[in-house]
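Please keep the structure in view while reading.

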Amino acid sequence: MIDDLFFKEAFGALALVLTFGAFVPYMLSTWRQETRPHVFSWFIWGAGTVVVCVAQLTDGAGIGAWPIGISGLLTFGVAFLALARSPDTSIVPLDWLFLALALSALPLWFFTSTALSAVIVLTIVDLLGFGPSVRKSFEHPHEENATFFAIAVFRNAFVIAALENYSWTTVLFPAAVGGACVLFVLLIGTRRYMMTAR
């Protein structure tokens, strides 16, 4: 049992290191206006991630939930930084649709009777949050930082490894977000290749 706890703590520490290792350069890049994150996506991700952390903690996720909670707070930081330093002027009606869908889904977790229901709703909300960034990165793939999302894949793998209780409530969110990050990195890479190959 002690060995198991040691490994959970080690995986949790690695997830935290990767969280800061991804966010600090991303925020600096945003500050320098080298990266232009879509504020709608980051606002949606921040709100959903913080609430998922609370749901995970209620289901016994333990140390595995802490990187999710810290990530949620840092995500809000990116959203506010994006507003202050590199506002995206390419917001289109489709982005407003994604934001409206995500925000309309958020109150649903208050009316659900279980943490799992909340996590399912918020995972869907988080995945909807990729909508504006996917649209923007398809058109402007060099304005997004693929390294951040690649690190997020490994961070979410360590989050899952650090969980003290494995259930749909604790695993669904980091697994779904990790998978979405893989697809987003592939999109960015493919679009960059296609643009340079022209």
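## Helix H5

What should the 25 residues of helix H5 span, and how far apart are its end C-alpha atoms? The model is predicted. H5 covers residues 115–139. At 1.5 Å a residue, H5 should span 36 Å, and its end C-alpha atoms lie 37 Å apart, so the two values agree.

H5 also carries a kink. The bend is about 30° and is centred on serine 133.

## Helices H3 and H6

Two packed helices are described by the angle between their axes and the distance between the axes. Helix H3 spans residues 66–85 and helix H6 spans residues 146–162. Their axes come within 9 Å and cross at roughly 140°.

On the H3 side, Pro67, Ile68 and Ser71 make the contact. They meet Arg155, Asn156 and Val159 in H6. The residues of this contact divide into 3 nonpolar, 2 polar and 1 charged.

## The cavity

The structure holds 1 cavity of 30 Å³ or more. The largest cavity contains about 220 Å³ of space. Its lining has 19 residues. Ser71, Thr75, Phe148, Arg155 and Val177 lie nearest the centre.

Several elements give two or more residues to this lining: helix H1 (2–31), helix H2 (39–58), H3, H5, H6 and helix H7 (168–197). H6 gives the most, with 5 residues. By type, the lining divides into 12 nonpolar, 5 polar and 2 charged residues.

Terms used
Residues numbered from 1 in each chain as written. Predicted model: local features only at pLDDT ≥ 70, side-chain atom pairs only at ≥ 80, totals over all residues. Heavy atoms only, no water. Helix = DSSP H or I, 4+ residues; strand = E, 2+ residues; numbered from the N terminus. Expected span 1.5 Å × (residues − 1). Bend = angle between axes of the 7 residues up to and from the residue. Axes fitted to C-alpha atoms, helices over the stretch in contact; angles between N-to-C directions. Contact = heavy atoms within 4.5 Å. Nonpolar A, V, L, I, M, F, W, Y, C, P; charged D, E, K, R; others polar. 1 Å grid on protein atoms, 1.4 Å probe; cavity = no way out; pocket = protein on both sides within 12 Å on 5 of 7 lines; lining within 4 Å. Points joined across faces, edges and corners; volume = space filled by probe spheres on them.
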